[in-house]
Each structure stands twice: as structure tokens, then as C-alpha cells.
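Try each task before you read its solution.

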Amino acid sequence: MARRTREETLETRERLLESAFDVMSEKPFSCVTMSEIAERVGLSKGAAYWHFKNKNDILIHLVRLLCTEVADSPGMEGGFSDTLGKIRLFYRNRMKRISQNERFEKINVLFQRKLEWPKEVHDEVFIILQDRIENEQRMTERLLVEAQEKGELRPDFSPREISSLIAAIFFGLFVLFGPNPLYPRGELDLTKYTDFIFDAFDKELSI
């Protein structure tokens, strides 16, 4: 019974988060209400407040969930044996998912509304994003250091600086190529541009 109750609780939270995702990507944050979020999934306002303190709280939890989704890309196995190739594959998979999945477009719409968010939400979301980007940067830095030690890459560059540059480039691509009318979904091959970027890194850094 306790297990079932926990499963039901988690399911209700997920339903509320998905509803908030829809509502908050459709209208200004100031117009969003806990009642509407709950009603869209057949729940009461009281149920929403039982799971979350207020709409600021539900937005922070939503951003944390969505950042996990974005970061949850396929691994680096297969296709490349060299380090830069493995990093290339990681980002190629990431860009392929972003360019082909409507959900990522909606994530971008949500973040385009960030100027409407209260300061406390901004501050908390900044910490969440910073943590995600730094985790990715550390992963890439570790791989670049290992590649230098193996003699795959030049020893005269800073893995920290290059890994920070790579993380910044691909975070920027995600922001730029969201629901942009100049680049309709499916018409822009982000994997091709990922290869273009890593061809340049490979040319400059490989021995």
C-alpha cells in the first residue's frame, strides 16, 4: 500500500509538472495560476498546493526536470575511438534530439519567457543551469586531459578553457535554434554543424 501511495504521489507530481509546462509555455507567467495548472489535469487547486508551495516553486521544479531531460543524451559509445570523436558523438546526439523533437521546442519557448519570472526564480534557475553546464564542462575537461596524457592532442592548450568553450557553444546553439521561424524544425541539420565545429577543433588540437 505504501509503495502504491508513493507511486501515485509521484504520478500526480509529474502530471502537475507537465500541465505547468504547457501553461507556462503558452502565456505570461503573471497570468498563470495554480488553479489552471491543476484543472488541466483534473485535479483541485488544493492538490497542487499539497505538492508545491506556489507557482514559483513548481516552475523551479519544472526547470530542474527539463534540464535533466536535455542532459540525458545517449552516450559516447560506438563510431569513434579517439577522444574528440567521442565528445563529437555526444553533442551530435544531443543536437539530433533537439532538432527532431517538438518537446525541445517547447522547452525553448518556456525559457524565452524567463524575463517574466520573479527574481527568486531567476536566481534559482541560474544555479540549476550553472550546475548543469559545469557538470558537462567537467566531463569534457576530464576527457581532454586524458587525451593529452595519451598523446592524442597537443599539450600546449588548456583543457579547462577548451571544455568551457565547447559547453558554451552548444548551450548557445540550443538557445538559438529553438522555435525560431527562420529555422523551422527539421530544416536545419544541427548534426552537420556539430561536425563542422568539431572538425575545426580536431584540426587545431590534434597532433
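Buried means under 20% relative accessible area, exposed means over 50%, and partly exposed lies in between. Keep in mind that this model is predicted.

**Exercise 1.** Decide whether F198 is buried or exposed.

*Solution.* Start with the value: F198 has 1% relative accessibility. The cut-off for buried is under 20%. So F198 counts as buried.

**Exercise 2.** Classify F201 and V175 in the same way.

*Solution.* Take F201 first. Its relative accessibility is 9%, so F201 counts as buried. Now take V175. Its value is 44%, so V175 counts as partly exposed. V175 lies in helix α8, residues 159–176. With I133 and F171, V175 makes a nonpolar surface patch of about 220 Å².

**Exercise 3.** Find how the rings of Y91 and F170 are arranged.

*Solution.* The structure holds six aromatic pairs. Planes under 30 degrees apart count as stacked. Next, locate the partners: Y91 is in helix α5 (residues 83–100) and F170 is in helix α8, 79 residues apart. Both Y91 and F170 are buried.

**Exercise 4.** Classify the ring pair of F198 and F201.

*Solution.* The ring centres are 5.9 Å apart, and the planes stand at 50°. That makes the pair tilted. Now check the sequence. F198 and F201 are three residues apart in helix α9 (residues 190–205), so about one helical turn separates them. Finally, ring pairs link F90, Y91, F170, F198 and F201 into a cluster.

Key. Residues are numbered from 1 along each chain as its sequence is written. This is a predicted model: local features need pLDDT of at least 70, side-chain atom pairs count only at pLDDT 80 or more; totals for chains, interfaces and linings use all residues. Side-chain values use heavy atoms; hydrogens and water are left out. Patches are made of residues with over 30% relative accessible area and no salt bridge: like charges are joined within 9 Å, nonpolar side chains (Val, Leu, Ile, Met, Phe, Trp, Tyr) within 5 Å. Accessible areas come from the Shrake-Rupley method with a 1.4 Å probe; for residues, only the protein chains shown count as cover. A salt bridge is a side-chain nitrogen of Lys or Arg within 4 Å of a carboxyl oxygen of Asp or Glu. Helices (H or I, at least four residues) and strands (E, at least two) are DSSP runs, numbered from the N terminus. Buried means under 20% relative accessible area, exposed over 50%, partly exposed in between (1.4 Å probe, protein chains only). Rings of Phe, Tyr and Trp (its six-membered ring) pair if their centres lie within 6.5 Å; planes under 30 degrees apart count as stacked, over 60 as edge-to-face and the rest as tilted.
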